[in-house]
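The sequence and the model are shown first.

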Amino acid sequence: MLSCKEIVSGASDYKDKNLSWRGALGYRMHLLMCHHCRKFFRQFVSAIGVASTVATTFASDSQVEEVVGAVVETVAASET
Ligand SMILES: [Zn+2]
């Protein structure tokens with residue numbers, strides 16, 4: 001059976017299906033048996049999902065102008 005350390009180091013390959021069928025089977029068996037690694041892998045996949053969403057989400061020019069305008073108004077109001 002794979003060690004917990006091997007599960008951590010192989011998480012990306014398992015998620016991306018880059019393991020051999022034997023490697024993937026060993027990985028899956030460990031996840032079935034080890035609560036800690038199941039939890040780690042769930043969080044790993046979740047973190048990648050969040051990171052990819054953040055990396056591809058950009059504010060439009062109008063959204064940037066709206067936020068900058070609100071900041072300028074807030075600063076101006078606090079100075080009076
Ligand atoms: Zn484990």
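A residue is taken as buried if 20 or more other C-beta atoms lie within 10 Å of its own C-beta, as exposed if there are 12 or fewer, and as partly exposed in between. Lys17 has 7 other C-beta atoms within 10 Å and is therefore exposed.

## Model and confidence

The structure is a predicted model. The mean pLDDT of the protein chain is 92, and 99% of the residues score at least 70. Among the elements, α3 has the highest confidence, with a mean of 97, whereas α5 has the lowest, with a mean of 88.

## Overall architecture

The protein chain contains five helices and zero strands, and the order of elements from the N terminus is α-α-α-α-α. Its radius of gyration is 22 Å, well over the 12 Å given by the globule rule for 80 residues, so the chain is more spread out than a compact globule.

Along the principal axes, the C-alpha atoms occupy a box of roughly 70 × 20 × 15 Å. Of the 80 residues, 6% count as buried.

Helix α4 covers residues 35-56. Its 22 residues reach 32 Å from the first C-alpha to the last, close to the 32 Å expected at 1.5 Å a residue. One of the 22 residues is buried, so α4 lies largely in the open.

Helix α5 covers residues 61-79 and has 19 residues. The distance from its first C-alpha to its last is 27 Å, close to the 27 Å expected at 1.5 Å a residue. The count of buried residues in α5 is zero, and the helix is hardly covered.

Cys37 and Ala51 both belong to α4. Is Cys37 buried or exposed? Cys37 counts as buried because it has 22 C-beta neighbours inside 10 Å. Leaving aside neighbours within four places in sequence, Cys37 is in contact with Cys4, Ile7, His30 and Leu31. The C-alpha atoms of Cys37 and Ala11 are separated by 9.7 Å, although the two residues are 26 residues apart along the chain.

Ala51 has 10 C-beta neighbours inside 10 Å and so counts as exposed.

Lys17 is found in the loop between α2 (11-15) and α3 (21-33). The phi angle of Lys17 is near 60°, a positive value in a residue other than glycine.

Within α3 lie Gly23 and Leu25. Gly23 has 15 C-beta neighbours inside 10 Å and therefore counts as partly exposed. Gly23 and Gly10 are 9.5 Å apart, C-alpha to C-alpha, and 13 residues apart in sequence. Leu25 counts as exposed because it has 11 C-beta neighbours inside 10 Å. The C-alpha atoms of Leu25 and Ser60 are separated by 45 Å, and these residues are 35 residues apart along the chain.

How values were computed: Residues are numbered from 1 along each chain as its sequence is written. This is a predicted model: local features need pLDDT of at least 70, side-chain atom pairs count only at pLDDT 80 or more; totals for chains, interfaces and linings use all residues. Helices (H or I, at least four residues) and strands (E, at least two) are DSSP runs, numbered from the N terminus. The expected span of a helix is 1.5 Å times one less than its number of residues. The radius of gyration is taken over C-alpha atoms; the globule rule is 2.2 Å times the number of residues to the power 0.38. pLDDT is the predictor's confidence in each residue, from 0 to 100. Two residues are in contact if their C-beta atoms, placed from the backbone, lie within 7 Å.
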